[in-house]
Amino acid sequence: MKSLIVLLCGLFAATAVNLPGVPVDFELEDKVLSAISDDVAQRLEQEYYTFLKTGVETPAFQKLTQQLAKAHTKKDIFTKNLPDLETRDSFVVCTLCRSVINVFIRSVREEGGELNGKDSAVLMKKIAMDVCRRMELQTEEVCEGLIDFNLPTVEYIMRNSEMDSHSFCSLFMEVSFCNTGSNPAYNWTLTVDNKVPAPSGPKSDTPTHSANDFKICQFSDIHHDPLYEPGSLAACPEPLCCQRHKSTTGSTSDAAGFWGDYRDCDLPWRSFESALDHAAKTVDCKYIYQTGDIVDHMVWGTSVKKNSDVLSRVSDQFIKVFPKTRVFPCIGNHEPHPLNLFSPEGVPDEISTKWLYEHLYKDWSKWLPAETKETILKGGYYTVSPEKGFRIIALNGNDCYTDNFWLYHSGNNKIPQLQWFHDTLLAAEAAGEHVHVLNHIPSGDGTCWSVWAREYNRCITRFHKTISGIFNGHSHKDELNVHYSEEGHATAVSWNGGALTTFSYKNPNYRVYTVNPDTYDVTNHHTYIYDLNEANKKPAEQPNWFLEYEFVKEFTEDLSPAGIDKLLDDFADKPELMRKYWRFRVTSAEPQLTSGCDRNCLAGSLCRAATTVNNRKERCEELKQRLFEALDNEPEEKDDGAAVLGALSISSLLALALAMRIGF
């Protein structure tokens, strides 16, 4: 559905000033903006619906579409995350979302609707492909692949749900004035045990690191590309490059590197082998966490067989290199075919995700006991106790992912896994166990549904004494997130291990945690990388993996939630320290350091660390204002690779990938 929505929305993409009824001044109350958006959306909806019914483009429709086609630039509306758009762009996207979804709903559900017949899928594809060509959104191959993969699910959801455009757009966007959906199925509350008093202060009892601590290695977002070809075209129009057109590159800078490429390219197998081999020689990993996203970003070219082969090959390599080490995986959004789609139980087999759960259990059963089978087959999640007093809970966080179209089928079917999570924590608390939580998508991510994230964080707060660590991936950033109670007390820290893939503009990295053997708290961590530019200069030699940094030496020895919350204060008050955090966050990658990070970039990185529910920004706003004040009081502008964004930012270079909103 997302690809179809983007393709159709592209038909209307324009600057707000060209649309009839759009205000010039956007400094209006949310209710006013929402009402104006509704009015404009209804006009667009009617014009396009008339076109679908009659095949005739009225002069008004022609004029409007011509204006919009000329205005389409693939810039902010497509290159920024939806929550980060300015009000003007948010107004346009909200309006387009409401109008296009209404067209689909009317055409599918109304008797006599153009999409309410046996040829509905054919017509839906014809419409989407026409828009793709007309608006030049992507190549014919990419559009056709995405549309073919998603159409069966889209059609089923449209016919078997009561989702309206306001509810859909509220979830898909979650920007303030657009978030007006009132569907009660999408604003539920989890039943959370209340027998323990709420925390009266931040959690501060994490021990400091010691020689007795053990090591846990984290490999996240591997994104192995089986089609990666050194010397192929690394600057291509598709969302993923470094696979084809080798004859066109010669020895130019457009050629893909041997050990990977900074541009929109995923990880060659040799680089994955190198990472595991280095870790095996360097670190004694007691356990390994693999936090999702093994499959590549060729989102228009997935298949059950291709995905299954990559998943198994990666699992087999872990076993080969670490034959005596247990690996605990969780599922990423790239694992299924089609991308991002995690179906509920009871849907037709041809659009069900059960094939993936069955395949993952076959791979994961090499490390997991038989009692995990039931929940893995049910929804891709499980719990296991590797040793007495210690429990791991691995979630399928795609229940919160707003790019998972099954979210729009029903909001209530996202409750069972969270309730299981709560109940498993309750049992762990009673047994005196310490718990690590694995969850691919950080709960504060802009594409994690805020209701799910809110209830997830209620569980984190309630069991903050039981949870010793949370481990995420997805963002491809080496970062952390502080969880807060309703009263604003720091209750937990989520650690994000970055990504092995180079997608995009990053060095490959993996993470090693130092863990207390009694409390299982994270007491330190080390991040290992290799410099991609240097590695590609010596294709015949193994990359030079090295320790990029050790957390306690660069930032703080207090890794408790209270200590990390205090570190966020230091980031806000000491811009130089914040710049250091940003450099490590982007794995010291040369393209990032060359482009730099201005005040808004620094504030965004800091805000992300203080956000674990994407519509709760109180701590973020406080820190941002303090950071701006500190920056304003600096004696002179720093020029250390993190001070200034160039005219061509990294987000601009990623425009094509984000235009399809393929997700990380």
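**Exercise 1. Find the partner of C242, then describe the link and its surroundings.**

Step 1. C242 and C265 form a disulfide in this predicted model, with their sulfur atoms 2.0 Å apart. A disulfide here is a pair of cysteine sulfur atoms within 2.5 Å.

Step 2. The pair links distant parts of the chain, 23 residues apart: C242 and C265 are each placed in the loop between β1 (214-219) and α9 (269-282). Helices (H or I, at least four residues) and strands (E, at least two) are DSSP runs, numbered from the N terminus.

Step 3. The angle about the S-S bond is 65°, and the link of C242 and C265 is right-handed.

Step 4. C242 has a relative accessible area of 0% and is buried; C265, at 0% relative accessibility, is also counted as buried. Buried means under 20% relative accessible area, exposed over 50%, and partly exposed in between (1.4 Å probe, protein chains only).

The basis of these values is as follows. Residues are numbered from 1 along each chain as its sequence is written, and side-chain values use heavy atoms, with hydrogens and water left out. As this is a predicted model, local features need pLDDT of at least 70 and side-chain atom pairs count only at pLDDT 80 or more, while totals for chains, interfaces and linings use all residues.

**Exercise 2. State how many disulfides the whole structure holds, and describe the links C236 to C241 and C597 to C601.**

Step 1. Searching the whole structure gives six disulfides.

Step 2. One of them joins C236 to C241, with an S to S distance of 2.0 Å. This link is left-handed, with -90° about the S-S bond. C236 and C241 are both buried.

Step 3. Another joins C597 to C601, with an S to S distance of 1.9 Å. The link of C597 and C601 is left-handed, with -100° about the S-S bond.

Step 4. The two ends of this link fall into separate classes. C597 is buried at a relative accessible area of 0%, whereas C601 is partly exposed at 22%.

**Exercise 3. Locate the residues under the UniProt annotation "binding site" and say how they are arranged.**

Step 1. The annotation comes from an unreviewed UniProt entry and covers D221, H223, D293 and H476. UniProt positions are given in the numbering used here, feature names are shortened, and annotations may be inferred rather than shown by experiment.

Step 2. The four residues span 256 residues in sequence, yet no two of their C-alpha atoms are more than 10.6 Å apart, so they gather at one spot.

Step 3. D221 lies in the loop between β1 and α9, and H223 is placed in the loop between β1 and α9 as well. D221 is buried at 0% relative accessibility; H223 is likewise buried at 0%.

Step 4. A polar atom of the H223 side chain lies 2.6 Å from the backbone oxygen of V295.

**Exercise 4. Describe the position of N533 and its contacts beyond its neighbours in sequence.**

Step 1. N533 sits in helix α15 (residues 532-536). With a relative accessible area of 30%, N533 is partly exposed.

Step 2. Leaving aside neighbours within four places in sequence, N533 is in contact (heavy atoms within 4.5 Å) with Y262 and E590.

Step 3. N533 and E590 are 57 residues apart along the chain, and their C-alpha atoms are separated by 8.0 Å. Their side chains make a polar contact at 3.5 Å. A polar contact is a pair of N or O atoms within 3.5 Å; within protein, one must be able to donate a hydrogen and the other to accept it, and residues adjacent in sequence count only if both atoms are side-chain atoms.
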